[in-house]
Amino acid sequence: MPQRPQTVPLSSMLRIHCMQLFYNLSDSGMGDSLYEIESMRRFAGITIDTVPDETTILKFRHLLEEHRLGQKIFDRINALSPNKA
């Protein structure tokens, strides 16, 4: 029986999505960065063994876009920012 892929917690996927936007990374670039940069993995709350693949990152991004959640997330982050302009 094929092994089912591990699920990545929603909080980790949201952090990965934010890093992808902050650093202007493609889906594959984000996946590569998570493998290469330990501080990104720590921020996302994942380990080297639980890095999501490019397809998972892509599907999560498409899910956010489909439900128009990107702007809502951005607005919420800005609301929490101590340097509000």
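**Helix arrangement and a nonpolar surface patch**

Read along the sequence, the protein chain follows the pattern α-α-α-α-α. The model is a predicted one, in which local features need pLDDT of at least 70 and side-chain atom pairs count only at pLDDT 80 or more, while totals for chains, interfaces and linings use all residues. Residues are numbered from 1 along each chain as its sequence is written, and side-chain values use heavy atoms, with hydrogens and water left out.

The secondary structure comes to 5 helices and 0 strands (DSSP runs numbered from the N terminus, helices being H or I of at least four residues and strands E of at least two). The C-alpha trace spans about 55 × 30 × 20 Å along its principal axes. Of the 85 residues in the protein chain, 27% are buried (under 20% relative accessible area; exposed is over 50%, and partly exposed lies in between, with a 1.4 Å probe and protein chains only).

Helix H1 (residues 10-22) packs with helix H2 (residues 27-36) at an angle of about 110°, the axes being 10 Å apart. H1 is therefore roughly perpendicular to H2 (angles of 65 to 115 degrees). Axes are lines fitted to C-alpha atoms, for helices over the stretch in contact, and angles run from 0 to 180 degrees between N-to-C directions.

Leu21, Phe22, Tyr23 and Ile77 make a nonpolar surface patch of about 450 Å². Patch residues have over 30% relative accessible area and no salt bridge, nonpolar side chains being joined within 5 Å; a salt bridge is a side-chain nitrogen of Lys or Arg within 4 Å of a carboxyl oxygen of Asp or Glu. Ile77 is found in helix H5 (residues 70-80) and is partly exposed, with a relative accessible area of 33%.

How values were computed
Patch = residues over 30% accessible without salt bridge, like charges linked within 9 Å, V, L, I, M, F, W, Y side chains within 5 Å. Areas by Shrake-Rupley, 256 points an atom, 1.4 Å probe, with all protein chains shown as cover. Parallel < 35°, antiparallel > 145°, perpendicular 65-115°, else oblique.
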